[in-house]
Amino acid sequence: MVFVWILLFLISLVASLTVWEGGLRTSLRHKYPLPGQLISAGAHRLHLHCQGEGKVTVILEDGMGHAGSLSWFKVQPAIATFTRVCSYDRAGLMWSEPSGKAPTVEQQVHDLHTALTNAQIEPPYVLVGTSMGGIYVRAFTHYYPDEVVGLVLVESAHPEQEDRFPPMPKGRSPAFGQDLSDRLSAACEILRLRHRLLPHPNSRRLPVAILPLLEAFAPQSLAATKAEERLFLANLQWSQRLRSLENRPLIVLTAASTLQGNNGSDAAQTAAKIWGELQAELAGLSTQSQHQIIPDSGHLLHFDQPDAIIVAVRRIVDQVQLPKDMGL
């Protein structure tokens, strides 16, 4: 009998927390108004945040995770001083609405292009992608080659990285049921409470101004981030069809620390060596490329060394030759 009462109490508690979580999500848009606009990408709307003016538009594409447009907090305002620049949240992340569709590379590219078209953000584009975002901007170039005039790849993923890295050590693979556990904790306030009690693992590297927003939107963004994680390997495999960037100006930025295998293990040293090879191969995608190793930075280069990205973007924008048929 006691067990039954305990079970009923727990069910009631979870139900109450779930209702409370739903109310908090509804209030988020009032507490944290979106910086940009919600733009139709079909049956759903994406949050698109554009600043500045210029004949070339820089598009910022984040990697996996839910920060989305906020990832460029240290980068976007500076780029806006010399050209137009847009960041955005992929479907289901931060202020963007979920799409109900699997986040394949093709779907992500289609969503972005549709939103840019509906917002009347016309090409030419310079694309900037960090981590998995590097795959997405290459795919965008693949589908819309006439619209992309230059790229900056920031600690970009490589289509063959998982095939070439050493096997993951035992004990580092995700625990069985972790995905379900995370989603349940997000739905019933537990994840939000955990964020309040435990510091964000990258809190020392993130701007203080955006930490409350990242923590506030994390629970409702979790379903989308998990969906991307589940498709990570399939999306990398799909991207192996992507080919040369031809003669488009390209700058590849690689963090020095990711080339060093800092924990000292043989596997880490091997992975660091391979990462260097992969980054060099990315620089070989264009006949007009530069590969820069950025000191004092980790994989989150856009937080650690934002000036390196700003300078690289400025060089590309200054370098691109605008096609005459675009009437610019």
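Biologist: Which handedness does the link of C50 and C86 have?

Modeller: This is a predicted model, so read every value as computed from it. The link of C50 and C86 is right-handed, with 110° about the S-S bond.

Biologist: What does a disulfide join, in general?

Modeller: A disulfide is a covalent bond between the sulfur atoms of two cysteines. Here the sulfur atoms of C50 and C86 are 2.1 Å apart. That falls inside the cut-off, because a pair counts when its sulfur atoms are within 2.5 Å. The count by this rule is one disulfide.

Biologist: Where in the chain do C50 and C86 sit?

Modeller: C50 belongs to strand β2, residues 45–51. C86 belongs to strand β4, residues 84–88. They are 36 residues apart, and the pair links distant parts of the chain.

Biologist: Is C50 buried, partly exposed or exposed? And what about C86?

Modeller: Take the cut-offs: buried is under 20% relative accessible area, exposed is over 50%, and partly exposed lies in between. C50 has 29%, so it is partly exposed. C86 has 1%, so it counts as buried.

Biologist: Next, the nonpolar cores. How many residues does the largest one have, and which have the most contacts inside it?

Modeller: The largest nonpolar core has 36 residues. L116, L127 and F140 have the most contacts inside it. Helix α4, residues 132–143, provides the largest share of this core, with six residues.

Biologist: Which residues does F140 contact, leaving aside its neighbours within four places in sequence?

Modeller: F140 is in contact with V109, L112, H113, L116, Y125, L127, E147 and V148. Another core, of 27 residues, lies apart from the largest one. A80, V154, I310 and A312 are among its residues.

Biologist: Now helix α8. Where is its kink centred?

Modeller: First the general idea. An α-helix has 3.6 residues a turn, so residues three or four places apart point the same way. In this structure, α8 spans residues 211–230 and has a kink of about 65° centred on P219.

Biologist: Why is α8 described as largely enclosed by the rest of the structure?

Modeller: Because 14 of its 20 residues are buried.

Biologist: What is the volume of the second largest pocket, and which residues are closest to its centre?

Modeller: The volume is about 360 Å³. The pocket is lined by 23 residues, and A91, G92, P98, S99 and A224 are the closest to its centre.

Biologist: Which helix gives the most to that lining?

Modeller: α8 does, with seven residues. Helix α3, residues 105–118, also supplies at least two.

How values were computed:
Residues numbered from 1 in each chain as written. Predicted model: local features only at pLDDT ≥ 70, side-chain atom pairs only at ≥ 80, totals over all residues. Heavy atoms only, no water. Helix = DSSP H or I, 4+ residues; strand = E, 2+ residues; numbered from the N terminus. Buried < 20%, exposed > 50% of the residue type's maximum accessible area, 1.4 Å probe, protein only. Core = buried A, V, L, I, M, F, W, Y, C linked by side-chain atoms within 4.5 Å. Contact = heavy atoms within 4.5 Å. Bend = angle between axes of the 7 residues up to and from the residue. 1 Å grid on protein atoms, 1.4 Å probe; cavity = no way out; pocket = protein on both sides within 12 Å on 5 of 7 lines; lining within 4 Å. Points joined across faces, edges and corners; volume = space filled by probe spheres on them.
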